Amino acid sequence: MDRFFDFTHSNERTLKVKISDRYTLLLLPPQLDLVEELEAFDKEKTKMSDIKQLVLKILRNNKGKRQVNESDINNLSMDNLFSFIKTYVEFVGEVAKDPN
């Protein structure tokens with residue numbers, strides 16, 4: 001039996017995130033560089049500008065390759081940003097634990 005794995009047509013899980021009434025994104029699991037940033041994230045030692053950049057990196061990793069700009073998240077509170085990062089980290093953890 002031949003085995004085959006195709007990286008170009010994978011069935012990656014997504015996390016649905018509604019940014020505004022204008023659009024919703026389907027976020028993908030992160031690439032390794034983003035995983036490293038998430039592991040190093042410390043909300044107590046991170047500047048707000050760095051937090052916004054991390055959120056933008058996460059949001060830009062979406063299935064539709066939609067470009068998300070800082071203006072799209074400027075109206076979000078600090079609590080919203082931290083809650084979003086926590087939810088995304090939980091999503092990544094679920095993907096990592098799944099044997100399939």
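**Close-up 1. Asn-61 sits in the loop between helix H2 and helix H3.** In this predicted model, helix H2 covers residues 48–60 and helix H3 covers 70–73. Asn-61 has a relative accessible area of 9%. Buried means under 20%, so Asn-61 counts as buried.

**Close-up 2. Asn-61 has contacts beyond its sequence neighbours.** Set aside the residues within four places in sequence. Tyr-88 belongs to the buried residues of helix H4.

**Close-up 3. Strands S1 and S2 form a hairpin.** Five residues lie between the two strands. S1 and S2 run antiparallel and pair over four bridges. One of the residues to look for is Lys-16, whose bridge partner in S2 is Leu-26.

**Close-up 4. Side chains alternate along S2.** Leu-25 and Leu-27 point to one face, and they are buried.

**Close-up 5. Helix H4 spans residues 78–97.** H4 has 20 residues. From first C-alpha to last, H4 reaches 29 Å, close to the expected 28 Å. An α-helix has 3.6 residues a turn, so residues three or four places apart point the same way.

**Close-up 6. The buried residues of H4 pack against strands and helices.** These residues are Leu-81, Phe-82, Phe-84, Ile-85, Tyr-88, Phe-91 and Val-92. Their strand partners are S1 (15–18) and S2 (24–27). Their helix partners are H1 (32–40) and H2.

Definitions and conventions. Residues are numbered from 1 along each chain as its sequence is written. This is a predicted model: local features need pLDDT of at least 70, side-chain atom pairs count only at pLDDT 80 or more; totals for chains, interfaces and linings use all residues. Side-chain values use heavy atoms; hydrogens and water are left out. Buried means under 20% relative accessible area, exposed over 50%, partly exposed in between (1.4 Å probe, protein chains only). Contact means heavy atoms within 4.5 Å. The expected span of a helix is 1.5 Å times one less than its number of residues. Two strands pair if DSSP finds at least two bridges between them.
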